[in-house]
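Subject: A structure for you to look at

Hello,

I am passing on the structure we talked about, and I hope you enjoy exploring it.

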Amino acid sequence: MDWITGIQRALDYTEEHLTEEIEYETVAKKAYSSSFHFQRIFGMVCGFSLGDYIRMRRLSLAADELSMTSEKVIDIALKYGYDSPESFTRAFTRFHGITPTAAMRGGNVKSFSRLSVKLILSGGNTMDYRIEKKDAFKIVCKRKQVCKPQGDTATEDISAFWDECTKDGTMDAICKYAKYENVNGILGICFSGEMEDCGFPYGIGAEYNGVPLTNKGLDIVEIPAHTYAVFQCKGKMPDAFKTTYKQICTEFFPQSNYEYGNGIELEVYPSANVQDPDYTCEIWIAVNNKK
């Protein structure tokens, strides 16, 4: 199944179940993707999260029903997943600018149309990458649970984590245990295979040199053997990272013979000068051949 067909299947499933509880994992499976990667790609491509899409579609359909039927506000609120008329009214008013009662009386409301995936011939861009096979190796890192990848929230949490580790001495501690044989730089590690309802673990670290670990708050983690697609990312962080990652999601994976692998991504930073407009780092994504 190609990427476009998979995304459309996921959107169709979402539309068919807007009046029911929607599990993101189930939506992602329709696109033959993990929940993490589906939500990340969805946010990158659409500019809003899957959760926001569901919310706006429900409120749009609720407005149609309020203006065209004689159903009670409480019945429509419950139909579209709200526990009470009060919570429904707050959400409805924020989105439409008027109350449900005003909408019933003919007030102007907003319409948010359903998404549809279309194949558009564009680009002709080149995207340099290389494929690297790595045996298992150990890293030393500090880990933190960050929020789900909806919009830019995860990016903001991760940027704040880097600032925290720089200021509290964590980066200096990591450097005591670092070597640079497999990957040449300080690492940002996205453990996307450990996605949970509340988010996913993100680590900051380096390849481990074997010196006995004495610093509290640091963990030694073994990264399994993987095949990686490696992409160069150039520009000021984190904007350059977001631009490159969007290009990976929308150009590389849909057109290549590779798919996301077993839930690990590495950001390899050769220096701390991330505000330089000519800064260059790499994004390593574990991949498998498409079946």
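Predicted model: local features only at pLDDT ≥ 70, side-chain atom pairs only at ≥ 80, totals over all residues.

Helix H3 covers residues 35–46 and helix H10 covers residues 239–255; their axes come within 10 Å and cross at roughly 110°. Because angles of 65 to 115 degrees count as roughly perpendicular, H3 is roughly perpendicular to H10. The crossing of these two helices is left-handed.

Which residues of H3 and H10 meet? On the H3 side you will find His37, Arg40, Ile41, Met44 and Val45. Their partners in H10 are Phe241, Lys242, Tyr245, Lys246, Cys249 and Thr250. Sorted by class, this contact has six nonpolar residues, along with two polar and three charged ones.

Now for the chain as a whole. You can pick out 10 helices and nine strands in it. Its C-alpha atoms fill a box of roughly 70 × 45 × 35 Å along the principal axes. Of the 291 residues in the chain, 46% are buried. The chain exposes about 15,400 Å², and carbon and sulfur atoms supply 47% of that area.

One more point, on how the chain contacts itself: if you take the contacts between residues at least 6 apart in sequence, 73% of them join residues at least 24 apart.

Best wishes

Technical notes. Residues numbered from 1 in each chain as written. Heavy atoms only, no water. Axes fitted to C-alpha atoms, helices over the stretch in contact; angles between N-to-C directions. Helix = DSSP H or I, 4+ residues; strand = E, 2+ residues; numbered from the N terminus. Parallel < 35°, antiparallel > 145°, perpendicular 65-115°, else oblique. Left-handed = near helix turned anticlockwise from the far one by under 90°. Contact = heavy atoms within 4.5 Å. Nonpolar A, V, L, I, M, F, W, Y, C, P; charged D, E, K, R; others polar. Buried < 20%, exposed > 50% of the residue type's maximum accessible area, 1.4 Å probe, protein only. Areas by Shrake-Rupley, 256 points an atom, 1.4 Å probe, with all protein chains shown as cover.
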